[in-house]
Amino acid sequence: MAEIGDDRTRFANAGSLKAYAGSAPVTRSSGKSCMVMSRKIKNQRLAAVGYVWAFVSLTRSPGARAHYDRRREAGDRHVAAQKNLFNRFMGMLFYCLQNGHIYDEAIAFPQPTPEHAAAA
């Protein structure tokens, strides 16, 4: 929180906070090629904390673990799945700060209902 500051209007949207933290990917395209890369310019301390935050949440949060496992099953490597989880956490943090809500695991990682699970 100290790295973000206490000004709630500092970041216009969740994407700008994610870019500042280094969790949002950068897409570079040239001609027929398109590459998705990690950000080089970012708040290094916030990025380091994000790595630890995502890693620890894998053992403490069933919802975060399920999200990570879904990303791994989709073909992401460990670091990519972890960065995706950190990116999601940054979006949740932005929402909580803007709306004055407290983090709730059930809202952050809703469990699929039986009819949604059958459709997937």
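Does Phe 86 count as buried or exposed, and at what relative accessibility? At 5% relative accessibility, Phe 86 counts as buried, since the cut-off for buried is under 20% relative accessible area. The model is predicted.

**Aromatic pairs**

A pair of aromatic rings is described by the distance of the centres and the angle of the planes. The count of aromatic pairs comes to five. One of them joins Trp 53 and Phe 86: the planes stand at 65°, so the pair is edge-to-face. Helix α2 (residues 44-60) holds Trp 53 and helix α4 (residues 78-99) holds Phe 86, so this contact ties together parts that are 33 residues apart in sequence.

Phe 89 counts as buried at 5% relative accessibility, and Phe 109 is buried with a relative accessible area of 5%.

The geometry of these two pairs is as follows.

| Pair | Centre to centre | Angle between planes |
|---|---|---|
| Trp 53 and Phe 86 | 6.3 Å | 65° |

**Cluster and charge contact**

Trp 53, Phe 86, Phe 89 and Phe 109 make up one aromatic cluster. A contact of another kind involves Arg 10 and Tyr 20: Arg 10 lies over the face of the Tyr 20 ring, 4.8 Å from the ring centre.

Technical notes. Residues are numbered from 1 along each chain as its sequence is written. This is a predicted model: local features need pLDDT of at least 70, side-chain atom pairs count only at pLDDT 80 or more; totals for chains, interfaces and linings use all residues. Side-chain values use heavy atoms; hydrogens and water are left out. Rings of Phe, Tyr and Trp (its six-membered ring) pair if their centres lie within 6.5 Å; planes under 30 degrees apart count as stacked, over 60 as edge-to-face and the rest as tilted. Helices (H or I, at least four residues) and strands (E, at least two) are DSSP runs, numbered from the N terminus. Buried means under 20% relative accessible area, exposed over 50%, partly exposed in between (1.4 Å probe, protein chains only). A charge sits over a ring if NZ of Lys or CZ of Arg is within 6 Å of the ring centre and within 35 degrees of the ring normal.
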